[in-house]
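Trainee: Please show me the model, and let us go through the terms used for it.

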Amino acid sequence: MNTPDILIIGGGVAGLTLAADLAPSARVLVLEAETAFGYHASGRSAALYEPAYGAPAVRALTEASFDAYQAGGWLSPRGLMLLGLEGEAEAFQADVAGMNLEELSLTEARGIVPILSREVAFAAYCDRPQDIDTDLLMQDALKRLRQQGGALRTGLRVTAIRREGALWQVTAGDEVFTAPLLVNAAGAWVNEIAAMAGVSGPRFQPFRRSVARIAAPGGADLRRWPIFFGIGESWYAKPDAGALIVSPAEETPVDPHDAFSDDMALAEGLDRYQAHVTTGVTRPLATWGGLRTFAPDRVLVIGEDPAAKGFFWQAGQGGYGFQTAPGAARLGADLILGRAPGLAPDLVAALSPARFG
């Protein structure tokens, strides 16, 4: 399909879910540079649905995604626990208020996460957050795309883009694709794709985050444990397939690349984690890094570029890509297909690229 109606660059969760929503109404082709879809940020996500996470527009888009998550069967219970040490009372209270958490006694907290150390002075909890089955979500999106006649092509890195009359002409690999509408869903590479197309738009910044996978502390059964983390999200730990993933939750600005973990950042994060627990950390089972790419205001950018007709942004997912994916895809499809958006006008405006002038 070299002449689709809509050409989407980027086969992560943003591009794939948008393509699936568009496919019943248009000929859609997704181009992915890697040999597998969802390879970069989408394949390295902590995969948590938390409607109280992010700026107000992000939270609203997360809440707008809930019905689709329920219908898709992509969620399962997880919960969230905030922990604070002596001397962190003021910051702890700020996080509790900001995230709408309920304070717990330390006895209650240890009943949920038994390995908490005596240094932990404060704890709060909510059962709102849920795990996201990211693989199932993306496989379902790919299935819907293909059932409706759309296509995903992998291993095709875009090297040139130009406008020829009413069409965008995109060179990827040794092939040339044309389409009247070009969607930039290229994750950490959105700036590069825009530059090739001669579109200025907002400037996005990728940030690296490192993660270590460690064995279940003391061989514990982690299935009912929540994600737990320190004040100001200075670290987090989350059960994952019988093990625990621990991250320093750092944000180091980097250029787009195939990310890897930073050993120093991981060591600092593991040290902060260990200050809150009784069990020691031995050699990690695995480590990796991922990129979280934000717009200047840390809110997603969804809409046609105001200065470049036929160039559509589906970008700036940052750390919210999965939790907002169904709502973001539906909004993108509504705007592209000329339907009245199902979201409130002020939210549509808050997500539009026109907000940057």
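Mentor: A search of the whole structure finds one cavity of 30 Å³ or more. The model is predicted: local features need pLDDT of at least 70, side-chain atom pairs count only at pLDDT 80 or more, and totals for chains, interfaces and linings use all residues. Residues are numbered from 1 along each chain as its sequence is written, and side-chain values use heavy atoms, without hydrogens and water.

Trainee: What makes a space a cavity?

Mentor: On a 1 Å grid over the protein atoms alone, a cavity is a set of points where a 1.4 Å probe fits but cannot get out. The largest cavity holds about 40 Å³, a volume being the space filled by probe spheres set on the points.

Trainee: Which residues line the largest cavity?

Mentor: Lining residues have an atom within 4 Å of a point; among them are Val13, Leu300 and Gln314. Helix 9 gives the most, four residues, where a helix is a DSSP run of H or I with at least four residues, numbered from the N terminus.

Trainee: How many residues of the lining are charged?

Mentor: Asp, Glu, Lys and Arg count as charged, and the lining has none of these, with five nonpolar and five polar residues.

Trainee: Why are strands 10 and 12 called edges?

Mentor: Strands are DSSP runs of E with at least two residues, and two strands pair if DSSP finds at least two bridges between them. Strand 10 (158-164) and strand 12 (175-179) each have a single partner strand, so one side of each lacks a neighbour in the sheet. Six bridges join strand 10 to strand 11, so by the cut-off of at least two bridges they pair.

Note on methods:
1 Å grid on protein atoms, 1.4 Å probe; cavity = no way out; pocket = protein on both sides within 12 Å on 5 of 7 lines; lining within 4 Å.
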